[in-house]
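Biologist: I have a model open here and want to go through a few spots. Can you take my questions one by one?

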Amino acid sequence: GNSVTQMEGPVTLSEEAFLTINCTYTATGYPSLFWYVQYPGEGLQLLLKATKADDKGSNKGFEATYRKETTSFHLEKGSVQVSDSAVYFCALSEEGTSYGKLTFGQGTILTVHP
Amino acid sequence: NAGVTQTPKFQVLKTGQSMTLQCAQDMNHEYMSWYRQDPGMGLRLIHYSVGAGITDQGEVPNGYNVSRSTTEDFPLRLLSAAPSQTSVYFCASSKEWSSYNEQFFGPGTRLTVL
């Protein structure tokens, strides 16, 4: 079946540091890939997505590129802010009988200090 | 638009009690789903619906029932609560039943079963 593996957390950075959160996936077909973010006390919200190989999703300074050859979708940001402190989830959704179902990674807690 | 709303925000139950978690959306979305979030496990799909009158099981359906009598509402029923159902529950919706559509999440219900 499908699966998503994220780097272990928590991740603690100083403001303006470079961020990478690794995400790799296993899927039988051609999934769409997503990064969702969960701020403290809130539900998840979409951060960015990519629907085919070599697509780059970007939003709020975050970027991730859909790499089919390495089955990866790593999240990056060049300069993090305290307001980026949250839990980040990598997820995939695949065409076929499970349309719309999201398979999530375990989440990575990010804390950014001033 | 209120988006996706969930009630209650918090609930404590005793083993064996039943209850209904409410979920509503005002975006006329076709697809709705319920996830549970447990530490270190990401989110797992409980049940989903592709339209009024149509529901199906997700990854972890045991102990839960759903129905979808209207487009707007998708309640989740716990038939006989067990401590293993202690979790945070999220309802989500999206415009269409598709692998690439963004899903919108509610703020969550934190349930404790004693």
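Biologist: Which residue in strand 8 of chain A is the bridge partner of A:Gly57?

Modeller: A:Ala64 is the bridge partner. Keep in mind that this is a predicted model.

Biologist: How many bridges join strand 7 and strand 8 of chain A?

Modeller: There are 4 bridges, between residues 56–59 and residues 62–65. The two strands run antiparallel.

Biologist: What is the strand order in the open sheet of chain A?

Modeller: The order is 3-9-8-7, with antiparallel pairing. Strand 3 (19–21) and strand 7 are the edge strands, so each pairs on one side only. The twist averages 15 degrees from one strand to the next.

Biologist: And how many bridges are there between strand 3 and strand 9 of chain A?

Modeller: They pair over 3 bridges, in the antiparallel sense.

Biologist: Switching to chain B. Where does B:Pro75 lie?

Modeller: B:Pro75 is in the loop between strand 7 (64–66) and strand 8 (76–78) of chain B.

Biologist: Is B:Pro75 buried or exposed?

Modeller: Buried. Its relative accessible area is 12%, and the cut-off for buried is under 20%.

Biologist: What does B:Pro75 touch?

Modeller: Leaving out residues up to four places away in sequence, its contacts include B:Leu21, B:Trp34 and B:Val66. B:Thr20 and B:Gln22 are also among them.

Biologist: How are B:Pro75 and B:Ala24 placed?

Modeller: They are 51 residues apart along the chain, and their C-alpha atoms are separated by 8.0 Å.

Conventions:
Residues are numbered from 1 along each chain as its sequence is written. Chains are lettered from A and ligands numbered from 1 in the order in which they are written. This is a predicted model: local features need pLDDT of at least 70, side-chain atom pairs count only at pLDDT 80 or more; totals for chains, interfaces and linings use all residues. Side-chain values use heavy atoms; hydrogens and water are left out. Buried means under 20% relative accessible area, exposed over 50%, partly exposed in between (1.4 Å probe, protein chains only). Contact means heavy atoms within 4.5 Å. Axes are lines fitted to C-alpha atoms, for helices over the stretch in contact, and angles run from 0 to 180 degrees between N-to-C directions.
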